[in-house]
Amino acid sequence: MMKKLMTIASLIVCSMTVMAQEANFSYFKYAGNDTRFQKQYDPQSQYLNPVLAGFYPDPSICRVGDTFYLVNSSFSFFPGVPLFESKNLADWTQVGHVLNRESQVPLKNQKVSGGIFAPDIKYNPKNKTFYMITTNVGAGNFFVKTTDPHKGWSAPVYLPQIDGIDPSFFFDKDGQAYIVHNGPVEGGHDYEGQRAIRILRFDVKGDSIITRGTPDGRGWKQIVRGGTHVQEKPIWIEGPHLYRIGKFYYLMCAEGGTGDWHSEVVFRAPLKSDITDPASWEECPENPILTQRTGLDPNRPDIVTSTGHADLVQDTKGQWWAVFLGCRAYEGPFYNTGRDTYMLPVTWRDGWPVILEKGTAVPTVVEMPNKRADAGGSHTLTTGNFSYTDCFDQPTLNQRWIFLRNPSQFYTTGHGLTIRPLPVNISQREALSAVFARQQHTTFEAETELTFTPKSAKELAGVALLQNEDFNFVMGKTLLNGRTAVVLTRSEKQRVVIGSACIDETKPLRLKVAGDGRYYSFYYSQGNGAWKTLAAGVDAVNLSTSRSGGFIGACIGLYATTANE
């Protein structure tokens, strides 16, 4: 049975060498307080967008019976591909990760925004099997499968015929199966950013690509070159999904890149057509069917930007819904929380799906597909303003905690969480001695208490705020000029010390971060003493994707190292 919690005991490794001083974190406390979530709404009949707040991009969804399943990209974090379930589409509970074994998701030496891109989850009713297909940037395209998502997933099956990213399955009613994905343009691209959508036939019984009948036996055919409105030179058509709805097949794709120009577009082909023939596909005249790039008040409340990378699902009453990514910008193009998962009902006009009318802002409060039986609403800590405290008093870690790259097996539990530092620091493409939780709010506080005795200036333990190897904050206990101190560094390509204070080496150290949009403040305390300011109003735009590049949202880590350089 798939474990809802990661067993830390399984990550302990023995060593014949002398260990560095261990760092013990007695608790971790988090609280979010965003203005957008302070609205009055009916918790029985309405839900909040985003439905998954924080770094949960590239959603893919399917339904089996009365249960919906949703997955997201995980990039170079382990376990890979968080898996959520819901009965009503609005309240989501994480039930595990699809890729929870290191053999399924090799991540060694990959950058933070490498690893797992755009997972797709589908159910094949012909063999009653779930499939999750995805791209591992450092290893190739592959899929795993299971007849029960709670009992674990298979070893990866790699598909070398897929040259590109974002593969997605489609299982037709006649038993035929297909994969669509983003790939290079046949014959070479005409301009920078031009991509294509390819289609391959899939042998379900053989778990393989069917190559016969394709040019040169390569397995694939190109069905979309460039994207929509090709005269305007569209870029980065990707994230494709195929559907059979009514009298048509639909091909829905993201387009425009992952920034402010992101969008969702759709094509269709008649049921009796050959969907591997590019001539079968016509473009929706109203494309894009979802975007926030133009026609909106830049000063509107609850701004959501960069919407796209959508997937569709039909509920038990026949209503179609779209899940998609978006970003909660706090200023201009900047957001630290990453790309969230949003959901909206789909309307149909002239046989075409519409996720959001042009010039309409993504709403925060939306009518639910089914009323909640519980008037209190969601209790799954995925959206809205919430808080939690983790005392690490169980033999397992909560699913919220993730590792950067494959864990190097150096965690154990006791009274709190004990981390054995490695000679690896946050700027290196190695597995860190750290565990991370997502920053899920624009306005938040996070704190912990630490017991640690550094023996040199290279040894440090504390809190890390990670966007990537070159853009981050580290606040921790170390030696500074031979004295025990708490030190704060800010990295934006270059690492700079922006705060420090000498402390009593014998007392536990409490550390706190308070973020409010672009600016964060950092505090420390010893024992039961009052909080002292280490640095206030620090510019944290370095944690934004627009400044740092990449695809994740900021993550808060409990971190230790013996390579504090």
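**Figure 1. Gly54 in the loop between strands E3 and E4.** In this predicted model, Gly54 is placed in the loop that runs between strand E3 (46–48) and strand E4 (60–64), where strands (E, at least two residues) and helices (H or I, at least four residues) are DSSP runs numbered from the N terminus. Gly54 has a relative accessible area of 0% and is therefore buried, a term that stands for under 20% relative accessible area, with exposed meaning over 50% and partly exposed in between (1.4 Å probe, protein chains only). Leaving aside neighbours within four places in sequence, Gly54 is in contact with Arg328, Thr337, Arg339, Asp340, Gln439 and Gln440, contact meaning heavy atoms within 4.5 Å. Asn385 lies 331 residues away from Gly54 along the chain, and the C-alpha atoms of the two are separated by 12 Å.

Residues are numbered from 1 along each chain as its sequence is written, and side-chain values use heavy atoms, with hydrogens and water left out. Because the model is predicted, local features need pLDDT of at least 70 and side-chain atom pairs count only at pLDDT 80 or more, whereas totals for chains, interfaces and linings use all residues.

Figure 2. Most residues other than glycine have a negative phi, and most peptide bonds are trans. The bond that joins Asn49 and Pro50 is cis, with omega about 0°, and Pro50 belongs to the loop between E3 and E4. A cis bond with omega near 0° also leads from Phe78 to Pro79, and Pro79 is found in the loop between strand E6 (77–78) and strand E7 (80–86).

Figure 3. Val81, which lies in strand E7, has a phi near 60°, a positive value in a residue other than glycine, and counts as buried at 0% relative accessibility. Arg405 has a positive phi near 65° and lies in the loop between strand E31 (403–404) and strand E32 (411–414); with a relative accessible area of 1%, Arg405 is buried.

Figure 4. Tyr69 is found in strand E5 (residues 67–71) and counts as buried at 8% relative accessibility. Beyond the neighbours within four places in sequence, the residues in contact with Tyr69 include Ile61, Cys62, Leu83, Phe84, Trp92, Phe130 and Pro149. The C-alpha atoms of Tyr69 and Gly384, which are 315 residues apart along the chain, are separated by 21 Å.

**Figure 5. Phe28 and the nonpolar cores.** The largest nonpolar core has 60 residues, and those with the most contacts inside it are Phe28, Val98, Leu99, Val486, Phe522 and Leu558; such a core is a set of buried Ala, Val, Leu, Ile, Met, Phe, Trp, Tyr and Cys residues joined through side-chain atoms within 4.5 Å. Strand E2 (residues 23–32) supplies the largest share of this core, four residues. Apart from neighbours within four places in sequence, Phe28 is in contact with residues including Tyr388, Phe392, Trp401, Ala446, Ile556 and Leu558. A second, separate core of 39 residues includes Tyr47, Phe68, Val346 and Leu356.

**Figure 6. The protein chain around these views.** The chain holds one helix and 43 strands, and 61% of its 565 residues count as buried. Along its principal axes, the C-alpha trace spans about 75 × 55 × 50 Å.
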